[in-house]
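Biologist: I would like to learn how to read aromatic contacts in a model. Can we take it step by step?

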Amino acid sequence: MDHILPTPYIVVLLWSIAVLLGMIGLGRLVALIVGGESAENAGWGLHAVWGMAVYLFLGASLSVCAAADGTGITLLIALGVTAMLVTTVRRGLPTIRQLANLPWQMWPVFAVLALTFFGGLYWQKNVNPSDDLPAYFSFCEKLLSTGTFDEPFSWRRLASLGGHTLLQCSILARTSFANAQVFEISLCPVILVGLILGFRRSALARSPIGLMLALLAATTPIIRANTTSHFTGVVLFAGLFVTLDLTDIEKSRRPRWLALGGLIAAAVCSLRAHYIPAAMGALGFYWLASWIVTRRSTREASLEAVSWGTALLVALLPWMIMSYRSNDSPLFPLFQGGNNLAFNPLALDDPIHKRAEPVLQMLLHPALFPLILCLVAIPDWRRNLAARAMAISAVVASLVLAYTITLAPDPITVPRYVQPLLVAAALAALMSAAVSQRGRMISYGLGLFVIVLSVPDRREHLLKCYQSAGERETITKRIAASRDAADHLHAQLLIPEGKRILVCSATPFLFDFRRNPIWITDLPHATSPAPGLPYQKSPEETKRYLRTLGVEHVIFMECAGNSFYSRARREREGAGDIALLRIWAPFFLDFISTVEHLAASETILGRSGNLVAFHFKP
């Protein structure tokens with residue numbers, strides 16, 4: 001509720017810069033721990049990636065203790081900014097000669113970055129009312145208000161450990177929901193370009209091919225349907241590649257570098273569930289291949305495995321604790337937890353030819369085909385173990401995902417899931433080839449090929465950034481001016497402070513999470529604590545089930561028209577052509593009927609707009 005009021009532009013700008021500097025500063029602390037010239041001079045882009053990984057670990061640790069609220073997150077950013085200032089003073093301020101030696105010839109990249117940065121500071125009109133409003137924004141609001149976000153009735157919470165929510169909250173701690181995508185759209189392109197310009201001791205920073213690759217990265221058109229992780233995944237995967245690429249330089253510190261790789265892989269895993277096999281696969285394949293190629297002793301290889309495996313597990317542990325506490329699954333989908341298998345987007349029982357269709361569509365998708373071609377056509381990446389590991393893990397994870405998801409309701413579902421994996425892998429291939437004499441020209445040609453095939457999408461992306469740079473009518477202004485905010489607060493005031501509430505609303509982030517412990521059901525029956533929310537059983541059984549969980553109060557939304565929890569909408573979808581929606585519809589309808597029956601038979605506390613609050617009778 002605190003974040004629906006618009007934030008002054010200058011505050012958004014300064015805080016976004018502070019978050020970027022904070023990530024770099026935290027990364028410089030990591031460089032001091034790793035030690036060595038390579039870590040210290042890795043470049044601000046890689047330092048920012050390391051800082052993101054540390055921030056995600058520290059933030060998750062705070063969340064386990066319910067301390068990752070706005071204050072806790074602000075303190076983490078302040079720590080990073082302080083580290084940035086201290087290390088800058090320690091290194092010495094740049095001289096005039098050093099400033100003159102900066103890659104100023106990259107000015108076209110800097111101009112594009114300025115456009116994407118300023119254009120991403122405000123809402124780009126791509127918020128999804130079926131995902132962001134009932135779920136993702138609420139996760140952010142709950143984390144910032146209470147310091148943690150357990151949601152045992154939320155399938156979207158189950159499907160992500162929460163890393164992307166924490167990155168969003170790094171910005172939202174001092175801004176509003178109009179700025180929820182700042183980290184994705186504004187900061188990630190800057191960090192990605194920093195990775196390219198700092199690669200192999202700035203080998204690409206002054207070359208035409210480096211300019212081309214930087215422009216390719218900065219203008220990447222993301223296939224987006226909501227505010228979940230896309231560009232953050234690209235940046236962390238690319239950062240993992242650059243870190244592994246540096247691992248062989250200082251062989252005496254190799255275990256430390258691999259431990260750092262484990263930290264980054266854990267950060268990637270925390271963003272989205274389907275990133276987990278790709279991140280772990282990349283790190284594991286690199287370690288195994290390097291052991292075979294260099295013929296190191298079993299003792300050395302075992303020590304390295306312990307290093308990255310321990311770092312990965314330790315960095316994931318706080319996320320796993322929160323996920324288990326929330327949805328009874330320490331690591332979904334390896335452990336199903338409260339997931340209702342009947343409410344399933346996968347269709348492994350489909351015939352092979354039907355499951356192969358999404359695979360073929362993925363391979364031929366205009367935004368993905370050029371990326372896959374880069375992995376096939378560049379010869380030199382095969383000599384780079386880090387690039388090879390990224391490519392193999394990305395392709396395998398993408399193929400498996402496309403093969404298993406056949407019930408997806410729209411044609412961009414699989415492409416938007418796998419695009420971050422393939423973009424990062426293609427960049428790894430192009431960068432590793434660009435620094436070799438043999439592969440430079442083919443990298444140049446394929447990079448231009450990728451850009452040319454996606455010119456319309458890149459133009460549209462930059463146009464959105466240009467239009468958003470001057471946008472002042474934000475989503476938060478509209479919500480604050482509507483009756484929705486007042487209706488939610490009034491409905492909540494009908495329930496005594498401190499009492500737990502189960503809510504079913506299209507905009508649950510408008511509730512006050514500090515006043516009452518609140519659980520959100522975003523996709524009814526998709527997930528719930530064992531033995532599970534009763535389905536097609538009497539409302540009295542649902543009442544008994546909820547009371548065993550300490551729920552005595554419910555607020556639900558009476559919806560009409562085409563709203564997310566509309567009975568008419570779900571009835572149409574139940575008779576429609578989209579397989580996934582046909583599967584989901586009966587669960588929605590059963591839940592709607594149950595809460596309506598309970599509202600009629602239990603104690604109605606009152607109505608506020610289209611919200612109904614009721615209390616279970618003793």
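Biologist: Is Phe177 buried or exposed?

Modeller: Keep in mind that this model is predicted. A residue counts as buried when its relative accessible area is under 20%. Phe177 has a relative accessible area of 4%, so Phe177 is buried.

Biologist: Which value does Phe509 have for relative accessible area?

Modeller: The value for Phe509 is 0%, so Phe509 is buried.

Biologist: Where in the chain do Phe177 and Phe509 lie?

Modeller: Phe177 is in the loop between helix H9 (163-172) and helix H10 (182-197). Phe509 is in the loop between strand S1 (501-504) and strand S2 (518-520). The pair therefore ties together parts 332 residues apart in sequence.

Biologist: How many aromatic pairs does the whole structure have?

Modeller: The search finds 21. Among them is Phe139 with Phe149, a tilted pair: 45 degrees between the planes, 5.9 Å centre to centre. Phe139 sits in helix H7 (residues 132-146), and Phe149 in the loop between H7 and helix H8 (155-158). Both Phe139 and Phe149 are buried. Together with Tyr136, they make up one aromatic cluster.

Biologist: What lies over the face of Phe149?

Modeller: Arg157 does, at 4.1 Å from the ring centre. Elsewhere, Arg570 has its charged end over the ring of Phe588, 3.8 Å from the centre.

Conventions: Residues are numbered from 1 along each chain as its sequence is written. This is a predicted model: local features need pLDDT of at least 70, side-chain atom pairs count only at pLDDT 80 or more; totals for chains, interfaces and linings use all residues. Side-chain values use heavy atoms; hydrogens and water are left out. Rings of Phe, Tyr and Trp (its six-membered ring) pair if their centres lie within 6.5 Å; planes under 30 degrees apart count as stacked, over 60 as edge-to-face and the rest as tilted. Helices (H or I, at least four residues) and strands (E, at least two) are DSSP runs, numbered from the N terminus. Buried means under 20% relative accessible area, exposed over 50%, partly exposed in between (1.4 Å probe, protein chains only). A charge sits over a ring if NZ of Lys or CZ of Arg is within 6 Å of the ring centre and within 35 degrees of the ring normal.
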